[in-house]
Amino acid sequence: ELLLYLKTMKRPNILLTGTPGVGKTTLGKELAQRTGLTYINVGDLAKEGELYDGFDEEYNCPVLDEDRVVDELEEHMGEGGVIVDYHGCDFFPERWFHIVFVLRTDNSYLYDRLQSRGYVGKKLQDNIQCEIFQTIYEEAMESYKKEIVHQLPSNEPEDLERNLEQILQWIGQWLKDNN
Ligand code: DAT
């Protein structure tokens, strides 16, 4: 419904963040499809470019090289029209984003989603705790102007639909205000 074909048009950059499993990728890809904005999954970007700096023995996963990720993203962000998806947000330049959405999921839902993703033991517990302590929401509130940080419930398919509607409406208004 909202196709943004015009390269000359100013377009907003949107950050989707939150604990793993809250639905960032699902929302981001659908949003990109409906708007023509560019979806970038930072985890995938890092994997493709091997943008890592060491290995975390405790979590058995590579450590993100945040500086190289920022360098890699910089040229895209300058043009606008990018949806960024990552489970952290404090290392991106604040100036990149026009709005920040923190997706939130109740424990019972999140537990099942992470389990079916194969998370067990400490990794599962730590991610559930991350959501309980609203770690990413607080990180976002500390990293960006509070007025641009919004929480979105993401438990049921109806939530996804409502979030999409809300963001599409916000994009529409932003385009009017900035073009
Ligand atoms: P993330 O990118 O935050 O890790 P995801 O988009 O991969 O999360 O979603 C994790 C799982 O949850 C996936 O199986 C899709 C499902 N899901 C996402 N949003 C949902 C919603 N609003 N209601 C029900 N399930 C949802």
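Author: The side chain of Asn41 makes a polar contact with that of Tyr39, at 3.1 Å; this value, like those that follow, belongs to a predicted model. Asn41 is found in strand E2, which comprises residues 38–41. Its relative accessibility is 16%, so Asn41 counts as buried, the limit being under 20%.

The ligand may now be considered. There are 14 residues around the ligand, and those that come nearest are Gly21, Lys24, Thr25, Thr26 and Arg117. Gly21 also places a backbone N or O atom 2.8 Å from an oxygen atom of the ligand. Val22 has a backbone N or O atom at 3.3 Å from an oxygen atom of the ligand, while for Asn155 a backbone N or O atom lies 3.3 Å from a nitrogen atom of the ligand. On its own the ligand has 550 Å² of accessible area, of which the protein covers 73%.

The largest share, 3 residues, comes from H1. Sorted by class, the shell contains 6 polar, 4 charged and 4 nonpolar residues.

The largest pocket holds about 1,300 Å³ of space. Its lining consists of 36 residues, and those nearest its centre are Pro20, Cys61, Tyr86, His87 and Tyr119. Helix H1 is among the elements that give two or more residues to this lining, as are helix H2 (42–49), strand E3 (52–56), strand E4 (61–64), strand E5 (82–86), helix H5 (121–132) and helix H6. By class, the lining divides into 14 nonpolar, 12 charged and 10 polar residues.

Lys146 is found in the loop between helix H6 (135–143) and strand E7 (149–153). Because its relative accessibility is 51%, and the limit is over 50%, Lys146 counts as exposed. Asn41, by contrast, counts as buried. Lys146 and Phe97 are 49 residues apart along the chain, and their C-alpha atoms are separated by 12 Å.

Notes. Residues numbered from 1 in each chain as written. Predicted model: local features only at pLDDT ≥ 70, side-chain atom pairs only at ≥ 80, totals over all residues. Heavy atoms only, no water. Near = heavy atom within 4 Å. Polar contact = N/O pair within 3.5 Å; in protein donor to acceptor, adjacent residues only side chain to side chain. Areas by Shrake-Rupley, 256 points an atom, 1.4 Å probe, with all protein chains shown as cover. Helix = DSSP H or I, 4+ residues; strand = E, 2+ residues; numbered from the N terminus. Nonpolar A, V, L, I, M, F, W, Y, C, P; charged D, E, K, R; others polar. Buried < 20%, exposed > 50% of the residue type's maximum accessible area, 1.4 Å probe, protein only. 1 Å grid on protein atoms, 1.4 Å probe; cavity = no way out; pocket = protein on both sides within 12 Å on 5 of 7 lines; lining within 4 Å. Points joined across faces, edges and corners; volume = space filled by probe spheres on them.
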